[in-house]
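I have a new structure open and want to get my bearings. These are my notes from a first look.

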Amino acid sequence: MAALLEVRNLAVEFHRDRAVSRAVNGVTLSVERGKSLGIVGESGSGKSVTVKAIMRLLPRYARSASGAVLLEGQDVMRLSEGRMRHLRGRRMAMVFQDPHAYLNPTKTVGSQLVEPLILHRLAAGAEAKRRAVDLLRLVGIPSPEVRFTQYPFEFSGGMLQRVMIAMALIADPDLLIADEPTTALDVTVQAQILRLLRKLKEDRGMAMILVTHDLVVAAQTCDEVVVMYGGTVVERVPSHKLLTASAHPYARGLIACTPRISNADTIPTPIAGQPLNLREPLPGGCLFAARCPDRVAQCTEVRPQLEDVAPDHQVACFVAAGAAKEGAVHE
Amino acid sequence: MVRFLARRLAYMFIAFLCISLVTFMLMKMAPGSFFNANFQVNGVSAVAGSYGVSPQVMDALIKYYHLNDPWYVQWWYYVHGFLTWHMGTSFEYPGTRTVTIIDTAFPFSVRLALMAVATGVIIAIPIGVTAAMRENGWMDVGLMFFAMLGTSLPAYLVAVLLIVLFALWLHLLPVIGFTHPQDFILPVLSLALPMVGALSRYLRNSLIDSLHSEYVTGVIAKGGSLSRAVWRHALRNSLLPMITVVGPQLAGLMTGTVFIEEIFDLPGLGHYFVGAANVRDYPLIMDSALLYATVILAMNLLVDLTYGLFDPRIRRAGDLG
């Protein structure tokens, strides 16, 4: 089946004050209809910039240097701004990290909620309101008629994130992008929101991209996960294998430093070294080489590309790919 | 809300008293007074003689204006008179109560001020919006250059330029008069254009701040255009800081604009205000200064109340208080 969204070798640079910051350096990923993809990585790994580039929501000083973002085969990078507007909110919609910041504080939640319907001429007036109220009820907001007329500051973070989700869903998009939707919320609310997102995705048959720094969340919520480091994808793995059978040293490092109840007595081990400084020229070889415990000579010379190590499982690492090949030979 | 208002009114009253006291002191400290402005010779009779009135009449006048009473009594007469709107009569225009002068000139000045500010705001909004939407583009840089020029030009210079252009060269508009609507075009423009410079720069900057905030990205993410984000979302939030500037500006214009009134021969308050200060017309000085203070104070209160109109957070907080 052809992918709904395919990102090929996407690169984004920020040019500001004569300094260049290479936020995304060749990301390739794809999502199929009805499937969900998790993007994980530490802060500054380029995951948020990648999804914003897909929606073309980056500020003007960002330059998408190269690559293609194909939505059902159509390259959105080459669309006019007017054509792009028809896609945003309608074909692909976004849920942001901090709902209080991403809603206009001086307009009612209701008027902002119906905006996608009005902008895409799907409904207006009483019909738009009816659909909005129905959707508010669906995402679990009590007394939605009253809530419709209230302002963002009258909502808790969790409730407002439900509003954001309703707003993203109201025009029935094919792709929902959730950019750290639960990072600003407390843990109990976090679980509710993730459950809601998963359920909505399944009920509506849409595709979802979930950006998170939490590997456990990604593994539980998504079908497939890509791990990002230094603005590149270092591993693409089915989510059930993420926590147990991930192959890239960086992904394994992330898992080793994630505290979990199942291994509560082991002390999380941090990854040695510092994240990549994206303001400096990139190293020639593997971007993770400087911090990698498994480094071999080849790693600092050639940038590894994604290679199959198992069905639906790809890794950009010479050592991991080599081990997998050896394993295959031995079998 | 009621408590907020009561507290604000109390502060306003205290400020009002302070202003009246300072004005009174300054006025008394200024050398000369109306009845001996041009005479160094002491004695009531000498002054009376110079006016061609008898010393008895002079005495009566001094008594009538409480000029021999202690300063706090004099001060209180002015304040009390103003507060009860039973002001005294002017020195300069004897027989004319200052309230009559204010009654005729103040509404005129208010009308002129409202027209000027409305014109200024109406011109400034499209300029500020256009510049902000093309942040750092040539349109933005160009418009802001002209806005800067406008800010640096004083109203009277603009007035003269407008007169030369529209009256002398093009013969389109009258220069003197205040009865026909077209008489007001040049004075209003003279006051509005310098304001446009400051206002449009201000609006541009605050609109750019708003456009950089995340909720604008939110609007774009829903499929909205930049102009929708501006007109339906950001502009309203950016007008808030502009109101803070417009309020006092309006108050300043309402209490008279000396240069413009003189140039276009308009019967505004500024004319009387400055005239009173020149001839030490105590009652008129006090009353016009107090009127000025009251208008400024009222305007600031109005600005704060408008905040609530624009920002639901303040409005709802007010409901609780």
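**Notebook: first look**

I started with burial in chain B: of its 321 residues, 34% count as buried (20 or more other C-beta atoms, placed from the backbone, within 10 Å of a residue's own). This is a predicted model, where local features need pLDDT of at least 70, side-chain atom pairs count only at pLDDT 80 or more, and totals for chains, interfaces and linings use all residues. Residues are numbered from 1 along each chain as its sequence is written, and chains are lettered from A in the order in which they are written.

Next I looked up the make-up of chain B, and found 14 helices and zero strands (DSSP runs, H or I of at least four residues for helices, E of at least two for strands, numbered from the N terminus).

Of its 170 residues, Ala166(A), Ile177(A) and Val234(A) touch the most other members. Helix α5 (residues 98-133) of chain B gives this core its largest share, 14 residues. Domain 1 (39-86) and domain 2 (99-317) of chain B both contribute, so the core lies between them; the bounds come from an automatic or database domain assignment.

Last, I checked where the chains meet. I find 23 residues of chain A in contact with 17 of chain B (C-beta atoms, placed from the backbone, within 7 Å). On the side of chain A that touches chain B, α4(A) gives the largest share, three residues.

Conventions. Core = buried A, V, L, I, M, F, W, Y, C linked by C-beta atoms within 7 Å. Buried ≥ 20, exposed ≤ 12 C-beta atoms within 10 Å, placed from the backbone. Contact = placed C-beta atoms within 7 Å.
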